[in-house]
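Work through the exercises below with the model open. Try each task before reading its solution.

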Amino acid sequence: MEALAAAGFDVGALSEEQHEVLRVLTPEELALLVDIRGRLDAAAPEVQAHADVAGGALF
């Protein structure tokens, strides 16, 4: 969870079930998720509206 929080994920807003899914990610899956988050953040002006609507772990 620390790596995800450091990457900007609001892990505190996730359910226990979502935490469990994230806890069992492989290192490769975790790296991909962090990379995707970084690219989304880099494109923030284009996707910011989606973050407000979708919520979710990635946004």
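**Exercise 1.** Leaving aside its neighbours within four places in sequence, which residues is H19 in contact with? Then decide: is H19 buried or exposed?

*Solution.* 
- Step 1. Keep in mind that this is a predicted model.
- Step 2. H19 sits in helix α2.
- Step 3. List the partners. With neighbours within four places set aside, H19 touches M1, V11 and L14.
- Step 4. Look for polar atoms. A polar side-chain atom of H19 lies 2.7 Å from the backbone oxygen of V11.
- Step 5. Apply the cut-off. Buried means under 20% relative accessible area. H19 has 14%, so H19 is buried.

**Exercise 2.** Where in the protein chain is confidence lowest, and where is it highest?

*Solution.* 
- Step 1. Start with the whole chain. Its mean pLDDT is 82, and 75% of its residues reach 70 or more.
- Step 2. Go to the elements. Helix α4 (residues 44–54) is lowest, at a mean of 57. Helix α2 (residues 16–23) is highest, at 94.
- Step 3. Where pLDDT is low, predicted coordinates should not be read in detail.

**Exercise 3.** Describe the chain as a whole. How many helices and strands does it have?

*Solution.* 
- Step 1. Count the elements. The protein chain has 4 helices and 0 strands. From the N terminus, the order is α-α-α-α.
- Step 2. Check burial. Of its 59 residues, 17% count as buried.
- Step 3. Finish with contacts. Among those between residues at least 6 apart in sequence, 43% join residues at least 24 apart.

How values were computed. Residues numbered from 1 in each chain as written. Predicted model: local features only at pLDDT ≥ 70, side-chain atom pairs only at ≥ 80, totals over all residues. Heavy atoms only, no water. Helix = DSSP H or I, 4+ residues; strand = E, 2+ residues; numbered from the N terminus. Buried < 20%, exposed > 50% of the residue type's maximum accessible area, 1.4 Å probe, protein only. Contact = heavy atoms within 4.5 Å. pLDDT = per-residue confidence, 0-100. Polar contact = N/O pair within 3.5 Å; in protein donor to acceptor, adjacent residues only side chain to side chain.
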